[in-house]
Amino acid sequence: MCGIVGYIGEQQVPELLLRGLEKLEYRGYDSAGIAVVGETEAELFKEKGRIATLRKSINGKAEGTAGIGHTRWATHGPPSKENAHPHQSTSGRLTLVHNGVIENFEQLKEEYLGEVELASDTDTEVIVQLVEVFMNQGDSVKKAFRKTLRLLKGSFAIALIDNEDKDTIYVAKNKSPLLAGYGEDGNVVASDSMAMLHVTKEFVELMDGEVVTVTRDNIEITTLDGEEVTRDSFTAELDESDTEKGTYAHYMLKEIDEQPFVIRNIIQKYQDENHDIKLDPEVREALNEADRLYIIAAGTSYHAGLVGKEVMEKVAGKPVEVHIASEFLYNAPIVSENPLFIFISQSGETADSRGVLVNVKEQCHKALTITNVPGSTLSREADFTLHTYAGPEIAVASTKAYTAQMAVLSILAMDAARSQGYEDSFNAIQELSIVATAMETLCDQKDEMEMIARDYLTDVRNCFFIGRALDYHVVLEGALKLKEISYIQAEGFAGGELKHGTIALIEDKTPVIAVTTQEHVNLNIRGNVQEVDARGANSCIISMENTAKNGDQIVLPKVHDYLTPLASVIPLQLISYFAALHRGCDVDKPRNLAKSVTVE
Ligand code: F6R
């Protein structure tokens, strides 16, 4: 959600910034802009819509070796050229980009900006105008910037440039991610290291409450009170090619195909030379000591948590609750005496989950984050982190992160079981390698999946997914995948619940996709399919070798009962992909969505 890039150095900056913004497209945005520091002033280029539109409008016109850029996902004011960042102060001297939400912007406007005419609806413009107001009262840029930062409430990552000091980008953050980076011929600022890999791989993390000045040959970090801070840089373990789609038409398809590799990678990373589970002893201890686990997550990660709960409870007998982060934040249940909170998040930046984490830490509970981005906010602020090793997930619709999260949770369940002496219980490592092979088989069946998307989902308004037991959790994910990228209204239901209301929606040709991989409820879900068929539904059955019947549309290779969602989700992902493709949707960047949801 929103993204910032900045560069100051020897190279021409417009192309560097545009490339950076393209790398941040995956986060979701609806307008974009850059400011290039020219001879006398910063020149602004902004457009509503895609970076390609911005690129076209710049058309080689911009020149300069310092600048900042931004992709905006509208919060205050609709997507428009006026509301796109960068924003300038009234005199035009200061130019600023911002990610996040300034909660007290109305109050600040009233208190300090009575005389100032604002050019946009954004909370962001208030920041840059405030800095100028303080400068007009005699403060230096730096002092005015610090004064402004002290007044801001909410989340922000900010980069500011001053026409009269072309050698500096002023930077600060609170709750929103921001990095600075050391290049060979200049330094950078970025929301995500991925954005600036074409300049450098060496980055330094910035912390809340710091004020940072980035110049051509230095990055100076200070506290809000001006004390110097030293911090080691780190090398991003990514190549630019990891973030490219190669011969694939879409990142989503590439990421679906990467799943067998991701699962094998997880097996390797979580196994020692004796084939025992390799886990940080402190995580093991926290897991064993906890009397109850609380999984907190949103969206797809929440769906992975639902599966994780089942596996943990069945394999290790440990009670688990799974909560939607935004609900837990304002409506927390009574928590057990010795809980362990497990945050599941692909991005590690989800504001709803972070809100819960802050509360959990205030109550001195232990927290573990399972994430694909180990340096992320949720990872830094939790006591422990487990990495999902899925590689960058660029498509907005999460695919490989979901299966990776479930794989890590199943390993955690196995470890918890072993710690309790259940030596012969479920062997997640072995079973996951069977899953990886099954995934490969399924990824090779794209033509069949495309045909199903055509047969069932062309010209339909809605689609229902049903399942029971573990299959219920995966159909929730199937429905989410389909609705978010194809805009078909799709809902997942527990098969047994249909007749308690939802069946009223079944009409002639309503598509109903049923997943049945669990033997003990196979007959029940098939009964539910008959009920919808009797009312005219167009049903499609996804079963597994052990539950299959003649006429099922897809039969999955057999995998362990606890891990079936890792296999059954592949056809659901592929069917959603092809349905969206046939409808001409922007598969990788669905409307209104952001990859990293950094606002509540
Ligand atoms: C759906 C999707 C979202 C995310 C949710 C949480 O495809 O990607 O539902 O799962 O926004 O994001 P993370 O996992 O980054 O916390």
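Student: Is the crossing of H4 past H5 left-handed or right-handed?

Tutor: H4 crosses H5 in the right-handed sense. Keep in mind that this is a predicted model.

Student: What else describes two packed helices?

Tutor: The general idea is that a packed pair is described by the angle between the two axes and by the distance between them. Here helix H4 covers residues 124-136 and helix H5 covers residues 141-151. Their angle is about 130°, and the axes are 8 Å apart. That angle makes H4 oblique to H5.

Student: Which residues make the contact of H4 and H5?

Tutor: From H4 come Ile127, Leu130, Val131, Phe134 and Met135. H5 supplies Val141, Ala144, Phe145, Lys147, Thr148 and Leu151. Sorted by class, the contact of H4 with H5 holds 9 nonpolar residues, 1 polar residue and 1 charged residue. As for the spacing along a helix, an α-helix has 3.6 residues a turn, so residues three or four places apart point the same way.

Student: At what angle do H13 and H14 pack?

Tutor: Their angle is about 160°, with 9 Å between the axes. H13 and H14 are therefore roughly antiparallel to each other. H13 passes H14 in a right-handed crossing. On the H13 side the residues are Thr403, Ala407, Ser410, Ile411 and Met414, and they meet Ala428, Ile429, Leu432 and Met439 of H14. By class, this contact of H13 with H14 has 7 nonpolar and 2 polar residues, and no charged ones.

Student: Which residues of helix H7 are buried?

Tutor: In H7, which spans residues 259-269, the buried residues are Gln259, Pro260, Val262, Ile263, Asn265, Ile266 and Ile267. A further step is to look for what lies over them. The cover for the buried residues of H7 includes helix H6 (251-257), H13 (400-419), H14 (428-443) and helix H18 (564-582).

Student: Now a sheet. What is the order of the strands in the open sheet of 5 strands?

Tutor: The order is E22-E21-E23-E24-E25, and the pairing is parallel. E22 (489-494) and E25 (554-556) are the edge strands; each has a single partner, so one side of each lacks a neighbour in the sheet. From one strand to the next, the twist averages 20°.

Student: How many bridges pair strand E23 with strand E24?

Tutor: E23 (residues 511-516) and E24 (residues 538-544) pair over 6 bridges, in the parallel sense. As one case, Val515 has Ile542 of E24 as its bridge partner. A helix also packs on this sheet: H15 (residues 446-457) touches E21 (462-467), E23, E24 and E25. The direction of H15 makes about 150° with that of E24. As for side chains, in a regular strand they alternate between the two faces of the sheet.

Student: Is Gly467 buried or exposed?

Tutor: Gly467 has 0% relative accessibility, so Gly467 counts as buried. Its place is in strand E21. Leaving aside neighbours within four places in sequence, Gly467 is in contact with Tyr472, Val475, Phe493, Ala494, Gly495, Val515 and Ile525. Sequence separation and spatial distance can also be read side by side. Gly467 and Thr516 are 49 residues apart in sequence, while their C-alpha atoms are 6.3 Å apart in space.

Student: What joins E12 to E13?

Tutor: A hairpin joins them, through 4 residues. E12 (residues 210-214) and E13 (residues 219-223) pair in the antiparallel sense over 5 bridges. Val214 has Ile219 of E13 as its bridge partner. E13 also runs antiparallel to E14 (residues 228-229), to which 2 bridges join it. There the bridge partner of Thr222 is Glu228. The hairpin of E13 and E14 has 4 residues between the strands, and in it Gly226 takes a positive phi near 95°.

Student: How many residues are in the hairpin that joins E9 to E10?

Tutor: That hairpin runs through 3 residues. E9 (residues 179-182) pairs with E10 (residues 186-190) in the antiparallel sense over 4 bridges, and Leu179 stands opposite Ala190 of E10. E9 also pairs with E11 (residues 202-205), again antiparallel, over 3 bridges. In E11, Phe203 is the bridge partner of Gly181.

Student: Where does Ser596 lie?

Tutor: Ser596 is in the segment after H18. With a relative accessible area of 4%, Ser596 is buried. Apart from neighbours within four places in sequence, Ser596 is in contact with Met1, Arg27, Ser347 and Glu349.

Technical notes:
Residues are numbered from 1 along each chain as its sequence is written. This is a predicted model: local features need pLDDT of at least 70, side-chain atom pairs count only at pLDDT 80 or more; totals for chains, interfaces and linings use all residues. Side-chain values use heavy atoms; hydrogens and water are left out. Axes are lines fitted to C-alpha atoms, for helices over the stretch in contact, and angles run from 0 to 180 degrees between N-to-C directions. Angles under 35 degrees count as roughly parallel, over 145 as roughly antiparallel, 65 to 115 as roughly perpendicular and the rest as oblique. A crossing is left-handed if the near helix is turned anticlockwise from the far one by less than a right angle, and right-handed if clockwise. Contact means heavy atoms within 4.5 Å. Ala, Val, Leu, Ile, Met, Phe, Trp, Tyr, Cys and Pro count as nonpolar, Asp, Glu, Lys and Arg as charged, and the others, Gly among them, as polar. Buried means under 20% relative accessible area, exposed over 50%, partly exposed in between (1.4 Å probe, protein chains only). Two strands pair if DSSP finds at least two bridges between them.
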